[in-house]
Amino acid sequence: MIELAHFQVLGAALFAIGLYGVLARRNAVLILMSIELMLSAVNINLIGYAAFVDFTEAQRALGQVLIIFVITIAAAELALAIAIILRLYRNRSTVNADEINLMKF
Amino acid sequence: MIPALSASAFFLIIVLNRVLGFAFPGSRVPSLVAPVISIGAMLAGFVLFWVVLVDLLQNGPGTFSIGWLTVGETEIQWGVMVDKLSVVMIGLVTFIALLVQVYSIGYMKGDPRFGWYFAAHALFAAAMLALVLADNLLFLYVAWELVGLGSYLLIGFWWEKRSAAQAAKKAFITTRIGDVGLLIGIILLFRATGSFDISTIFHVAASGGIGTVTLNTATALIFLGAMGKSAQFPFHVWLPAAMEGPTPVSALIHAATMVTAGVFLVARMLPLFELAPDVMMAVAITGLVTFVFAGTLALVMTDIKRVLAYSTISHLGLMMLSLGAGALAATLFHLVAHGVSKALLFLGAGSVMHGSDGETDARKMGGLRTKMPITAFTFVIGALGLAGLPPLAGFFSKDEILLGVWADLNPAFLVVALFGVFLSALYMARVVLLVFFGPLNPERKGAHESPPVMWVPLAILAVLALGVGFLAFNYTTDYQGFAGFMSPGHHFEVTGWLMGLSIAITLGAFTGAWLAYSRDTISHAALAQRFPLIYRVLVNKYYIDEAYQWVIDHVVLVIARLVALFDRVVINDTGVDGLAISIRLSAMRTRVIQTGYLYTYGTAMAFGVVGLALIWWIFLT
């Protein structure tokens, strides 16, 4: 039987993996993927609450709508970020985040 | 109305000069427009003077003012006051300025800034007219500073010449020293009476509303302003330097618009000065010292313009002496008589220079009476007038002053003043003899008479210099001489012994000058050799300029250096730069936490979020 706790554990695990990826990885594309993982973790958390907590029908619908919004905005953000990384690669021939330090004093 | 006319002439000329200068490049049109406007304004002013005079005689003195500023509870008026004093000054200023401007057409012909010259002239005259008409001290102060500006512009008219630019600065800065005193004096009076209005201040002062200390301080400070403007010892240094300006400007400055402002100021404030007898005594002493002091200097100068300059200083001293004795009518009479004579002399000197290729050294002249008879004749009249020979104007005015001094002051003043009269006659005779008489100097073969536009004003002034003296007499019961006009109840009197004495002194001085400079019976060269110390002191102008230089070098500049040091070390190095440096140092220290590695920021952010969540959890739930 699947319960709310499962969703929460899965969400926390995904978020922790995503956070680790963002902090540990040097490759910009992998960092981006890790961010997506973190967003998915949030989504799973939200859908868990929407499904299992004792809400009215309208509130449940609101939780699902919120997730659709997050997915849409994540897609838009991803498109933008990929474009930036591509331009970066064209210019600097690297996507290593440590080497992208032009603005550093 | 009159100053407004002249002031609008100033702006009109400037605007028209620009417009016409663009419209007709290189043509003669703009060069004629400026003098026409300026002289037209002056002529209108002179006509208005008669209207005002008639009105004054019929309706008595009056004021007209409009509200200007309201500061808190204080209303400041902007107005004119027409009384006998201002009417006499208006007449003198408009008339002299008119003649000087006509003369300038000839003298300044061909100057590249011909139009600007007339514009500045109009401004100068406008400022002076505003000054004499002002009915409150603030307005008067504004006009006073405008007069200073006018003199600065005109003395430095040929600013390409370094000495002219420096002379203009010298005049401006020297008079500024006095101006500061005047301003403080005005503020003191305002604090004591709550008004800038002159008649209100008199009223309050007369009813004892001003404390003795305040009154003495304020009048002394106002006199300081007058000393600066009227070139009284020791502020006289700017006036001889002002000879760098065009000669007609000197005529204007000396006769009508600039140096008379100081005398006018004291005359205007005389009711206040009379309440402060100590200051009156200081005025008299300053005047007396200046009178004799400048007279001795005029005796050794070789530049004719400088002789005239020192003579002006000397006679301004005489006027101050007379004011110190409280003889207002005599002062004003001498102001007019001296103004006419001095304008005549300066314009004559300008004519001599014009005909002698700009030479001003009297020793390089001589015998010019054959070459320029009109100039010579008018110059001699002016010189006699200034030396004070009857029946010329200078005689009567000087005599009334001496009478006033005799009546009000210690006899010692009279004795010293008579010595000054002797000097006055001596140096005038000297300059006339050196320039116009004796054999013709070979260097001056090419000397020639000036054009009519220059000698006609000379002739008019000469007639006036001859005629003004007759204003002194009693004609009808309504007109009891100039003294009676100024202060009813007085009238002209003949004081036989004093007149005789002063005539004898004047004639004695003439004889002395004739013996020394024409016949060489008393060789002035030998005199100079016998008293080398006195001669050297005189030629070096009592080392006053050197004394100023010393004070500037050893006092002013030392203080200035200290201030500069303070500025550099305290304000700049520790204040401005110190702040910047400390910020930069702290920034250098803190910038190491900006590693530029993404994971540093990410970790910091993660820990921050967790920290915030913990805080929220611990404290808010």
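Helix axes here are lines fitted to C-alpha atoms over the stretch in contact, and angles run from 0 to 180 degrees between N-to-C directions. With that in hand, welcome to a few close-ups of a predicted model.

**View 1. Helices H16 and H19 of chain B pack together**. H16(B) covers residues 373-387, and H19(B) covers residues 452-467. Their axes lie 9 Å apart and meet at an angle of about 30°. Angles under 35 degrees count as roughly parallel, so H16(B) is roughly parallel to H19(B). Look also for the left-handed crossing as H16(B) passes H19(B).

**View 2. The residues where H16(B) meets H19(B)**. From H16(B) come B:Ile374, B:Thr375, B:Thr378, B:Ile381, B:Gly382 and B:Gly385. Facing them from H19(B) are B:Trp455, B:Leu458, B:Ala459, B:Ala462, B:Ala465 and B:Leu466.

**View 3. B:Pro452 in helix H19 of chain B**. Is this proline, B:Pro452, buried or exposed? B:Pro452 counts as exposed because it has 11 C-beta neighbours inside 10 Å, and a residue is exposed at 12 or fewer. Now find B:Gly106: it is 346 residues from B:Pro452 in sequence, while the C-alpha atoms of the two are 8.4 Å apart in space.

**View 4. Where chain A touches chain B**. Nine residues from chain A and nine residues from chain B make up this contact. On the chain A side, six of the residues are nonpolar, one is polar and two are charged.

Conventions
Residues numbered from 1 in each chain as written. Chains lettered and ligands numbered in written order. Predicted model: local features only at pLDDT ≥ 70, side-chain atom pairs only at ≥ 80, totals over all residues. Helix = DSSP H or I, 4+ residues; strand = E, 2+ residues; numbered from the N terminus. Buried ≥ 20, exposed ≤ 12 C-beta atoms within 10 Å, placed from the backbone. Contact = placed C-beta atoms within 7 Å. Nonpolar A, V, L, I, M, F, W, Y, C, P; charged D, E, K, R; others polar. Parallel < 35°, antiparallel > 145°, perpendicular 65-115°, else oblique. Left-handed = near helix turned anticlockwise from the far one by under 90°.
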